[in-house]
Every structure is written in structure tokens, then in C-alpha cells.
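Please keep the sequence and the 3D view at hand while reading.

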Amino acid sequence: MTTTQELLVLHDRQVRGTIAERLPKSWNAVWDGPVLHAETPHRGLAFAQDLDGVSVAELDALIGRLRDWSAARDAAVEWKTYGHDRPDLTERLRLAGFVPEDRETVVIGLAAELTDAGSDPGGVTIRSTTDIADLRRIAAMESEVWGQDWSFLADDLRDRIASTPDDIVVFVAEAGGEVVSAAWMPIFPGTEFAGLWGGSTLAAWRRKGIYRALVAHRARVAAARGVRYLMVDASDDSRPILERLGLRAVTTTTPWVWTPKIV
């Protein structure tokens with residue numbers, strides 16, 4: 001059996017280590033030394049991994065340039081940190097004006113062991129889709145769940161499907177013609193991994209097994225395509241469900257966000 005530490009090493013090598021190769025073509029990305037800046041439809045993103053050999057002064061300069069890059073675009077930017085990153089990274093981000101959002105837990109499981117994670121609840125239909133009308137309905141559902149404008153999601157999913165149609169699968173869950181939940185699975189080419197993204201569900205439809213059913217639908221696709229591992233950046237709500245299904249926690253991840261001041 002693969003140990004938790006071995007899973008973490010695989011995650012760092014195959015997931016974190018290949019991010020630049022997997023970005024949607026519509027995202028503009030540039031490297032600044034060991035830090036990748038990506039401009040997305042939502043906000044900027046920054047990814048970094050090998051920072052142990054970087055001095056504090058160099059790290060501060062990297063963070064400052066990221067902040068300047070984002071300020072020039074008048075957009076927020078997120079630096080995705082991990083619990084096993086260098087210990088002073090989050091403090092350097094804090095000093096530069098970045099603020100942490102909710103911490104998530106990275107959990108990993110075998111796709112083949114998740115194909116029976118759950119069955120479709122009564123009254124709920126789950127199907128795959130690539131239709132832009134469905135993607136817009138999914139974005140509207142996400143906006144209702146989070147109380148924020150998630151309209152960007154429809155275009156983001158559409159662009160991913162158009163760019164690499166074999167590397168993403170989107171599922172929508174409907175009840176009475178209404179979208180009540182949705183989830184998607186990016187497959188990371190050249191690796192053993194795919195991601196379980198999404199899963200948000202309207203409040204009235206939670207605790208009915210929809211989340212588990214969406215895991216099972218995606219796991220069956222993953223297993224059929226030879227994907228070995230499924231990974232999730234899990235919220236505190238979804239982590240217990242996933243751990244009961246057998247996924248293992250390997251580290252944590254926290255987005256640190258800088259937002260331009262409104263003048």
C-alpha cells in the first residue's frame with residue numbers, strides 16, 4: 001500500500017509539478033523565476049514549489065513583483081500555498097498585504113475504489129454535458145450557492161472543453177428540471193492523477209447523497225481511462241465524506257489573496 005508520504009511526493013511531482021503544462025489555453029501565464037503567474041477569468045493565480053533555496057530578500061521580491069503584476073491589471077491575485085511549503089512563506093505573504101482564505105485539505109484516493117461511492121438519489125438525474133447552456137446553468141447554481149457572481153465559470157469550463165476535450169468531464173445533477181449540483185473532473189495528461197472539482201449543491205438538496213454520486217460518476221470515467229488516483233482540495237464540509245470513502249489527507253492548501261484597494 002502506498003504510504004501517505006509517498007502519495008504526497010506523487011502529488012508534488014505529478015500535480016504541482018505539471019501545472020504549467022495543464023493551464024487552459026485562454027489563460028495568460030508567465031514565469032518569474034520559480035513562480036508562475038497566471039491570468040484567469042476570475043483572478044490571478046500564482047504557483048510555486050521549489051522555494052527552499054530562495055533567500056528571504058529574493059522571496060520578498062518575488063511576492064512584490066506578483067503584487068505589482070496584479071495591480072497593473074487592477075485584479076486580485078491568489079498565491080496557492082501548501083502546508084509543507086517553506087515555513088516562512090505565509091508570513092512573507094502577510095507582510096506584503098496578502099490575506100488567507102479558507103484552508104482546504106488535499107485528499108487522495110484510488111479511482112478504482114471509488115466507482116461505487118454512491119448511487120443517484122431518487123428524483124435526481126446525473127448526466128455528463130458539454131453544452132454551453134448547461135454550463136451557464138451550472139454557473140448560475142454556483143452563484144446562488146456562494147452568494148457571488150460565478151458567471152465566469154461557464155466560459156472557463158467551455159474553454160477547457162474546447163481546448164482539451166479529452167481531459168475534462170463535466171457532470172450536472174438535476175431535479176425537476178433544476179440544476180441542484182454539478183461537478184467536473186480535469187484529467188492531468190502524462191500523470192496518474194485527475195482532480196475532483198466542484199460538487200457544490202443547493203442548500204435544499206444537501207445530505208441526500210448527491211455529492212457521493214458525483215464522485216462515483218467521475219471515478220468510473222477515471223478508471224475507464226486508466227487514471228489511478230483522484231485528488232481533491234477538500235473543504236471542511238466535503239473532507240469527512242471523502243475520508244469515509246477512503247481518500248487520505250496528505251497536506252493542506254490555503255489561498256493567500258492580495259486585492260487592489262478601491263480608491
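Helices (H or I, at least four residues) and strands (E, at least two) are DSSP runs, numbered from the N terminus. Just after α7, glycine 226 takes a positive phi of about 85°. This is a predicted model, in which local features need pLDDT of at least 70 and side-chain atom pairs count only at pLDDT 80 or more, while totals for chains, interfaces and linings use all residues. Residues are numbered from 1 along each chain as its sequence is written, and side-chain values use heavy atoms, with hydrogens and water left out.

Helix α7 covers residues 210-224, and its end C-alpha atoms are 21 Å apart, which agrees with the 21 Å that its 15 residues should span at 1.5 Å a residue (the expected span is 1.5 Å times one less than the number of residues). Because 11 of its 15 residues are buried, α7 is largely enclosed by the rest of the structure; buried means under 20% relative accessible area, exposed over 50%, and partly exposed in between (1.4 Å probe, protein chains only).

| Helix | Buried residues, among them | Packing elements, including |
| α7 (residues 210-224) | Ile210, Tyr211, Ala213, Leu214 | β7 (125-128), β8 (168-175), α8 (238-244) |

Leaving aside residues up to four places away in sequence, histidine 11 touches Arg16, Tyr82, Val106, Ile108, Phe193 and Met231.

Methods
Contact = heavy atoms within 4.5 Å.
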